[in-house]
Protein chains: 2
Amino acid sequence: MRIMVLGGDGYLGWPTAMHFSSRGHEVAVVDDFTRRRCHLQQGSDSLTPIAALPDRIDAWHDLTASTIESFVLDICDYPALERAIAAFRPEAIIHYGEIPSAPWSMIDRDHAVGTQVNNVVGTLNLLWAMKDIVPDAHLVKLGTMGEYGTPNIDIEEGYITIEHKGRTDTLPFPKLPGSFYHLSKVHDSHNIHFACRVWGLRATDLNQGVVYGIHTPETEIDERLLTRFDYDESFGTALNRFCVQAVIGHPLTVYGQGTQRRAFLNIRDTLQCVELATLNPADAGEMRVFNQFTESFSVAELATTVQEAAHRVGYECDIAYLTNPRFEKEEHHYRPVNDNLLGLGLTPTFLSDDLVESTLHAVERYKDRVTLRSIDPRITWK
Amino acid sequence: MRIMVLGGDGYLGWPTAMHFSSRGHEVAVVDDFTRRRCHLQQGSDSLTPIAALPDRIDAWHDLTASTIESFVLDICDYPALERAIAAFRPEAIIHYGEIPSAPWSMIDRDHAVGTQVNNVVGTLNLLWAMKDIVPDAHLVKLGTMGEYGTPNIDIEEGYITIEHKGRTDTLPFPKLPGSFYHLSKVHDSHNIHFACRVWGLRATDLNQGVVYGIHTPETEIDERLLTRFDYDESFGTALNRFCVQAVIGHPLTVYGQGTQRRAFLNIRDTLQCVELATLNPADAGEMRVFNQFTESFSVAELATTVQEAAHRVGYECDIAYLTNPRFEKEEHHYRPVNDNLLGLGLTPTFLSDDLVESTLHAVERYKDRVTLRSIDPRITWK
């Protein structure tokens, strides 16, 4: 299959590109290095030393004899995106090409507007280019479980059947996103749903939980194939950030009481889910929604898990319960459904003590690269 | 009260400015003439000859001794918007400042992206400026009934209480918008809801039906105070367009079977509703939603009403049932609720034969200004 990965230089995009390439698919990555530029702006960097995109691609070719094509362009630049899609003619487009940080989007007006315009316009451009050039291609779009927020009812997969005043309809699940970033994904979902209804495009919206993990089978082959691993307040997600904090002796930064629950999955399961969605495309005119996660934890549970694993491998660390910089409920109902991907054959990699310990060991190897400046939360929602 | 009207040069914005000014409020209008430029681009124009903004304002002053302040700026230009809000310090901001056309947004990628960026960024800018400068001001935002689409359940006012698997929550009403323009308003609604929740702003989202009518008490005072009246395929809404077609002997252009039902209101009731919302502000942290319409009709019923009224005043016209250029259900349930504004005291001006006849007479006066080129629908959703 011809598979185009937007955001193919990123934490998930690069491993996804290698994953499909290793299985014999023709793969192209599209990126304009927005993510690397965000880190330059805030003075942070990946824990892992990541190669430049052409060097990664060359290393992949040297090691596997497989070719990953690349298009260096901003998907907000429509003529450039059109040319790339016309040249590669993808059958599936895996769309990670968005700015993925809630705190980043809350810094100030510029970051809020920048995040929404970048994400919404990139996706709109993609929809128009698909309609005009590859109307039968399948869009596999990364959304987030954060689109739903924490309603007081169980979270279904994208749609909910509502009985109201004696009538019934199945409608988009109501959304309570918690940042301008999460809002941008809600906007995308509405735009994609419309494009499927009106133009008959096919799409799968993957509402992904918080991803953790440093390695996939392909990143372990050679250091030149490493993917990025962030631990700063903007782009570092809970478990990954806790592992770095544990290794460098920084208290684990839990926001508020840490009783807020979230859905999580291992980076290896991201690849599994994206592959399942890609190999089982949506119907023409359909926007399927899959909730992409394997288990849920409270943030405090996660911190305790890391603290205990760290103790076993020789690191003592405290947990710091900080004033919550975010606007979020700390006590809430949380029971999201994830039947669709399990139904397609997802075999979850649950979070185990072994897995946390091996992540701590992997982090150890790069601990000299840690910069402290962007770990503590300074960005607030108020 | 100090009231700022964004889009204060438009069809509804200008009469709204005069309405509040005539009642002794301090009024400022903000506009960058986007709407006038859209008409220049498509070679269409208002049926009514409208004065330039400074001339309107001078005429209003000459006739009433009241002053309307003006800020000529694009609300997507954040520093300019900030300066205006800091200078005027509004207590209420009535936000009509968006591109309001579904067909316009469907022309091509540029118009789709242009509409969404213009509308979403303008509103985001406004939310940030309110938070920073006038956090206690009340945002009265014009949304549209088209945000809901035509679900198979009754349409509530912005929120719906859902009982699901033994639990209950009141959540944003699911949206099925039918164009990139309608989607922009859905995005706005989500962004505003978030800003109210997180920052404690106060907002009223008015989901307005299709507005008809040529005059308000203030526009009738003097020809220099006329508001615009559009009949082209992009900006001319059903009843207004039908009246112009009847007078010039053009068949009334009904899309499809015309059985699609929509909610309507008279322009005088728009002013009444906006005034009721403004004088009864939302609480801090609250985004109220009012469905702003007075009655609903099918498009075919409306065309027949105009055809019969035209016959009585001496015009014979046909109804042309055209292939529907839009993507919309023609047979559907439609029972929207509008209790909130009625509860605040709205006295509806229902559509009467008299009212259609008087609109036809008002149109007659300007019929020599009609250009045919933009009446027939050429923009399609496919």
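Begin by selecting Arg89(A), which is partly exposed, with 13 other C-beta atoms within 10 Å; a residue counts as buried if 20 or more other C-beta atoms lie within 10 Å of its own, as exposed if 12 or fewer do, and as partly exposed in between, the C-beta atoms being placed from the backbone. This is a predicted model, in which local features need pLDDT of at least 70 and side-chain atom pairs count only at pLDDT 80 or more, while totals for chains, interfaces and linings use all residues. Residues are numbered from 1 along each chain as its sequence is written, and chains are lettered from A in the order in which they are written.

Arg89(A) sits in the loop between helix 4 (78-88) and strand 4 (92-95) of chain A, where helices (H or I, at least four residues) and strands (E, at least two) are DSSP runs numbered from the N terminus. Its phi is positive, near 45°. Most residues other than glycine have a negative phi.

Next, select Phe33(A), in the loop between strand 2 (26-31) and helix 2 (34-42) of chain A. Phe33(A) is not a glycine, yet has a positive phi of about 65°, and with 15 C-beta neighbours inside 10 Å it is partly exposed.

Finally, turn to the contact between the chains, which takes 38 residues from chain B and 38 residues from chain A, two residues being in contact if their C-beta atoms, placed from the backbone, lie within 7 Å. On the side of chain B that touches chain A, the elements giving two or more residues are helix 6 (109-133), strand 6 (159-164), strand 7 (167-172) and helix 7 (180-199) of chain B. Select helix 6 of chain B, which gives the largest share of that side, 10 residues.
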